[in-house]
Amino acid sequence: MIPGPFSYHRPATVADAVKLLAGFGDEGRALAGGHSLVPMMKLRLASPAHLIDLHGIAALKGIRRDGGAVVIGAMTTQHELLASGEIAQSLPILHEAALLIADPQVRYRGTIGGNVANGDPGNDMPALMLTLGARYRLEGPGGEREVMASEFYQGAYFTALEPGEILTSISIPVPAAGHGYAYEKLKRKVGDYATAAAAVVLTMAAGKVAACAIGLTNLSETPLLASDAARAVIGTSLDTASLKNAAAAAAAIMSPASDARGPVEYRKHVGGIMVMRALQRAASRAA
Ligand code: FAD
């Protein structure tokens, strides 16, 4: 339960953080809220020789509107997301999901950047980023680039981040006015990671689904965008048959681990139920 020895660095700019990370290579690791990394270090599942703390970099903080998108700095905490009027108004599904992450103590420290960059299939924010069509801004020794969230996740704890790169911000297109949304998360107890969770963002027109996106959490090594499931409900009034079609299409792409949260078949089954519940609740909220 005691981490290995490490040196602590606190750069004041993104450029300095990138320089340190690139210089240390595999020996260096960015530190954000520390609520995923420090437990891993205590268990000796990670033993970085150098921690590069991002807290001193003001440019990584904040939430701002940029035309049709909301831009969130990587070091914005989950608590700050919950306190933001802009998030509550423009991206209410983020507010709903952030409230389901752990407990207030974790949310005060845990950042959105750490949550999406970690590549942990159990983290809630990545599936939301896929559902919302988010883009990640990365900065490294080779300069800046943008990666769609849908192209970022390559395996458990394996992402598109190159050595020396850090995530600086996330840009999320604001869904259409009157959209419906829901994040349904089944967990064993308050503060737990998802056994299965589904995010839905949709628009309705004349009682039928006009557009829909569905994301899945902890039902594979990576977050999933359930495109066939979303297609199964477009043009329907979410009758029982179309809900079941969506659940079956979503289950077809799930490959959860069999672990303390349940065996594979159980998790796929409840994953389908999360999809159906999220669709119904999102539709009930749509204008
Ligand atoms: P850190 O732990 O500091 O970093 C995590 C990883 O991301 C590290 O590898 C780090 O190098 C890397 N990293 C961090 N920031 C950047 C960056 N800007 N650029 C590049 N790499 C970066 N999360 C959920 O989603 N749902 C839950 O239900 C949940 N339950 C939890 C329960 C407990 C008891 C605890 C302790 C944590 C829980 N978490 C949960 C995780 C929590 O949300 C973490 O805070 C979050 O996943 C990681 O964010 P962090 O800021 O703490 O990152």
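Modeller: Start with one term: a residue is buried if its relative accessible area is under 20%, exposed if over 50%, and partly exposed in between (1.4 Å probe, protein chains only). This model is predicted, so local features need pLDDT of at least 70 and side-chain atom pairs count only at pLDDT 80 or more, while totals for chains, interfaces and linings use all residues. Residues are numbered from 1 along each chain as its sequence is written, and side-chain values use heavy atoms, with hydrogens and water left out.

Biologist: How many residues of helix α8 are buried?

Modeller: First, what counts as a helix: a DSSP run of H or I with at least four residues; a strand is a run of E with at least two, and both are numbered from the N terminus. Helix α8 spans residues 125-132, and eight of its eight residues are buried, so it is largely enclosed by the rest of the structure. Among them are Met125, Leu128 and Leu132. Just after α8 comes Gly133, with a positive phi of about 70 degrees.

Biologist: Which rings form a cluster?

Modeller: Rings of Phe, Tyr and Trp (its six-membered ring) pair if their centres lie within 6.5 Å; planes under 30 degrees apart are stacked, over 60 edge-to-face, and the rest tilted. There are three aromatic pairs here. Tyr136 and Phe152 are edge-to-face, 4.9 Å centre to centre with 85 degrees between the planes. Tyr136 is in strand β6 and Phe152 in the loop between β7 and β8, so this pair ties together parts 16 residues apart in sequence. Tyr136 and Tyr153 have centres 6.3 Å apart and planes at 90 degrees, so they are edge-to-face. Tyr153 is in strand β8, 17 residues from Tyr136. The cluster is Tyr136, Phe152 and Tyr153. Tyr136 and Phe152 are both buried, and Tyr153 is buried too.

Biologist: Which residues are closest to the ligand?

Modeller: A residue is near a molecule if one of its heavy atoms lies within 4 Å of it. Here 30 residues surround the ligand, and the closest are Ala30, Gly34, Leu37, Thr111 and Asp124. Strand β2, helix α7 and strand β10 each supply at least two residues of this shell.

Biologist: Which side-chain atom lies 2.7 Å from a nitrogen atom of the ligand?

Modeller: An N or O atom of Asp124. Tyr193 also has a polar side-chain atom 3.0 Å from a ligand nitrogen. On the backbone, a polar atom of His35 is 2.8 Å from a ligand oxygen. Polar contacts are pairs of N or O atoms within 3.5 Å; within protein, one must be able to donate a hydrogen and the other to accept it, and residues adjacent in sequence count only if both atoms are side-chain atoms.
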